[in-house]
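Thanks for coming. I will go through one structure today, taking a few residues and elements in turn. Please have a look at it first.

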Amino acid sequence: MRTFSELLLRHRRLAAFLIFAMTLALVPGVFRLGVGYSVESFLRSDDAELQREVELYEKYPMPDTFFSFGLPADDPIAESTLKVLEHFEETMLKVEGVDAIITVRNAPGLAGLARAQLEEKLKKSSLYRRLFVSFPNAEHDGALAGLVQLSEDARNNQDRTRIFRRMREIASTMPALRSGDQSLVLRSAGLPVLREQFVALVKRDQQFFLPVGAGLTILFLLFLLPGFGLTIATVSIVPFTLIWTFGLLGYLGCELSLLTSTLPILLMVISTADAVHMTMRYWEERRDGRDCVAASQHALRRTAFPCLVTTLTTMIGFGSMLLAEVPDLQDLGLFAAMGVLLAFLLTILFLPVCLPWCAERFGEADPATEADSGLFGLRRSVPFGALSRWLGMWPKLPVLGVFSVLIVLSAISAMRLPQNSYVTEDLWPDSPPAKEIAWFDKHFLGSLPGEILVSSEDGQLLSKDGRAELAQFIDWLEQQYGVIRSLSYIDWLKDGYPSLLLPALSRPPLSLFDEELKTARVLFFMEDIGAVALNEFFEDVHERSEELQHLDLRPTGFQVVANKQVTRLIEEVKVSFFFAFVVISVLMGVVFRSLRHGLIAVVPNSFPLLLTAAFMYVSNQHLRIVAVMTFAIAFGLAVDNTIHIFVRYRREQAKGGSVDAAVARALASVGDAVWTTSLLLLVGFCVLFFSGFKASYDFGVLACVTILAALFGDLLLLPALLRLLGRPAKGKLAQDEPG
């Protein structure tokens, strides 16, 4: 490392030139990076059972090829209202990418009916109840609805956005159907709509997170680092890390999704953390009398090894997500691990070069007096080192006693934490997607129906016995918990339409039959009852279907796969977390070349995870994907400060003296960096509080709880354990030995 640091500082201009050249080459890749939300990625699985469930879409439309639109209206079946609806429908059919639209104007059995006939038909209809018309009542106003079928080649982000933008433009040019409105009010819901809205929210988050997060980080470091120049050098790692990471992803043709939308803020705080440790070590060397270049060289030698270890632990935390089967989660793990590695490379290659240059041009505090010579004079001296030493020297037995009680209580709470997942729990109640879903649930049937595939091996699908059996099943189905209603060809027959016209129901977007009439679909609309209750419902359906003699019924399609994927994903991420926990624990034992030290290091990093689980239990949360993701990521981040404290402790221990003295000196030396990096992480994750996704907000809250718990675990629990179980060193370490 000494040879490398000397070589890098000797040729620092060349190193800076090469890094700037690489950065400029990667900038175009950033603009190639897309934002998407793919249903196929969530449906994709190697599991044969799940693959069987999605075979449905070989004969029926994919759920992200159709959506619902709604039009609030004072009188939903007035002649003037239906004329506006007809004009809206005709205009929409001219939009490229729209294949079909079905409304009360053209639905089988309803087309061409006069108002009186139409009203009577709708109020008595089994098939069309709450499907196309919502009559006004005491709870809500009236409304019309329709189903839009998109073409297969219009499922990309660009075409989808174009279609919805054009649909809103068409609505804005049409007369209002409700008193008080200036023009036609348009509502929409369904998977294509959610995809378009999610992409818009992701882009909004990106536009907000980066400038606000960067501004807060710079302001924070201006107060805590000794000089404006050192702040500039430290923060410079962030844009380079982001450009390198997203530039490579853009050139590789990758897209950001809902899960990976938090990646920029994660990489910003992670890349700054190790840079702060190197900057603080640089400043320590400057206070010891070394010039800027020599101080940077020594700082690189002293911090490269612990930064490498923290990089490995953080990469393991993110990389453990590759064990999951959901591609979006795999992308988050892979992209983040790659970004962490690039941040480390830039920290050891660019920051040592940048520190002397920025210190000379933008100023740093006087090493002798620490009087600020920065550009704005913003630095405020905070005795974090002395505070860390004071906390670490608290009586060890009382500290261990208090933490033991907290760990036991947290473990009990963690074991009681329920596991569940809800469709809309990751959306804010007042967000556009949630509002649209709530409006459709109130006026109509919702926009994400479940599906049951009906078939018959002996050709009884449409026989008298088959129809009677399915009708009995439908009656049972609509009495189940959470089921609002179902939609099937039985409703058509109940309305008195002849069976000869059943092929009309095979046309999209209803598609209640396949084109050959060999299978049928039962669509069912449910309240959001949660993954656990939904699994029980599916089991009840399977049990009920086994009692049938002529028909084979099974829940299938997107809702079944999504529910199984979410449930399985939680289990997979839990396994990924435990894998990361074990690997990181073993790695720390190997790094410190001591099983005792490895075990000591694990304890203070287990505490924040248990405390976070207890926080979730006390705040009536349940274990879901975002929570388990937080555990895996936050554990990899929380262990970073432990590593820096341990490496410095071993160096101080090698100088001789008691364990208490070594712990005190180590905390006094790295305390500034530990507090600064922890507070930086908190500032970064706090930005997520303003996300358009509730899932990102929850991730930020849980991450902050974990980081805070890890900070006090490192400054209270770890020193107490070292003072109780540590042993004086037998000999001194070589000057450049890493640990």
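I start with Arg723, which is buried at a relative accessible area of 13%. Buried means under 20% relative accessible area, exposed means over 50%, and partly exposed is in between, with a 1.4 Å probe and protein chains only. Before going on, note that this is a predicted model, where local features need pLDDT of at least 70, side-chain atom pairs count only at pLDDT 80 or more, and totals for chains, interfaces and linings use all residues. Residues are numbered from 1 along each chain as its sequence is written, and side-chain values use heavy atoms, with hydrogens and water left out.

What does the side chain of Arg723 meet in a salt bridge? The partner is Asp660, at 3.4 Å from N to O. A salt bridge here is a side-chain nitrogen of Lys or Arg within 4 Å of a carboxyl oxygen of Asp or Glu. Asp660 lies in helix H24 and Arg723 in helix H25 (residues 694-725), so the pair ties together parts that are 63 residues apart in sequence. Helices (H or I, at least four residues) and strands (E, at least two) are DSSP runs, numbered from the N terminus. Asp660 counts as partly exposed, at 28% relative accessibility.

As background, side chains of opposite charge can pair when their charged atoms come close. The structure holds 32 salt bridges. One of them is between the side chains of Arg168 and Glu196, at 3.5 Å from N to O. Arg168 is in helix H7 (residues 157-172) and Glu196 in helix H8 (residues 191-224), so this pair ties together parts 28 residues apart in sequence. Arg168 counts as partly exposed at 43% relative accessibility, whereas Glu196 counts as buried at 12%.

Another salt bridge joins Arg624 and Glu425, with the closest N and O atoms 3.6 Å apart. Arg624 sits in the loop between helix H22 (595-618) and helix H23 (625-654), and Glu425 in the loop between H16 and helix H17 (432-443), so the pair ties together parts that are 199 residues apart in sequence. Both Arg624 and Glu425 are buried.

Next, strand E10. How many of the residues of strand E10 (residues 520-526) are buried? The count is 7 of the 7, so the strand is largely enclosed by the rest of the structure. Ala520, Val522, Phe524 and Met526 point one way from E10, while Arg521, Leu523 and Phe525 point the other way.

E10 has strand partners. Two strands pair if DSSP finds at least two bridges between them. Strand E8 (residues 450-455) runs antiparallel to E10 and is joined to it by 5 bridges, with Leu453 opposite Arg521. Strand E9 (residues 483-487) is also antiparallel to E10, with 4 bridges, and there Arg485 stands opposite Phe525.

Two buried residues in helices come next. Ser678 lies in helix H24 (residues 659-686) and counts as buried at 2% relative accessibility. Leaving aside residues up to four places away in sequence, Ser678 touches Asn641, Ile707 and Leu711; contact means heavy atoms within 4.5 Å. Thr234, in helix H9 (residues 228-235), is buried with a relative accessible area of 0%. With the sequence neighbours up to four places away again not counted, Thr234 touches residues including Leu221, Thr272 and Leu351.

Is Met415 buried or exposed? Met415 is exposed, with a relative accessible area of 69%, and it is found in helix H16 (residues 396-415).

Last, some backbone geometry. Most residues other than glycine have a negative phi, and most peptide bonds are trans. Pro508 and Pro509 are joined by a cis peptide bond, with omega about 10 degrees. Pro509 is in the loop between helix H19 (489-494) and E10. Leu517 is found in the loop between H19 and E10 too, and its phi is positive, near 60 degrees. Leu517 counts as partly exposed at 25% relative accessibility. Arg130 also has a positive phi, of about 55 degrees, although it is not a glycine. Arg130 lies in the loop between helix H6 (115-124) and strand E4 (133-134), and counts as partly exposed at 35% relative accessibility.

That is the end of my tour.
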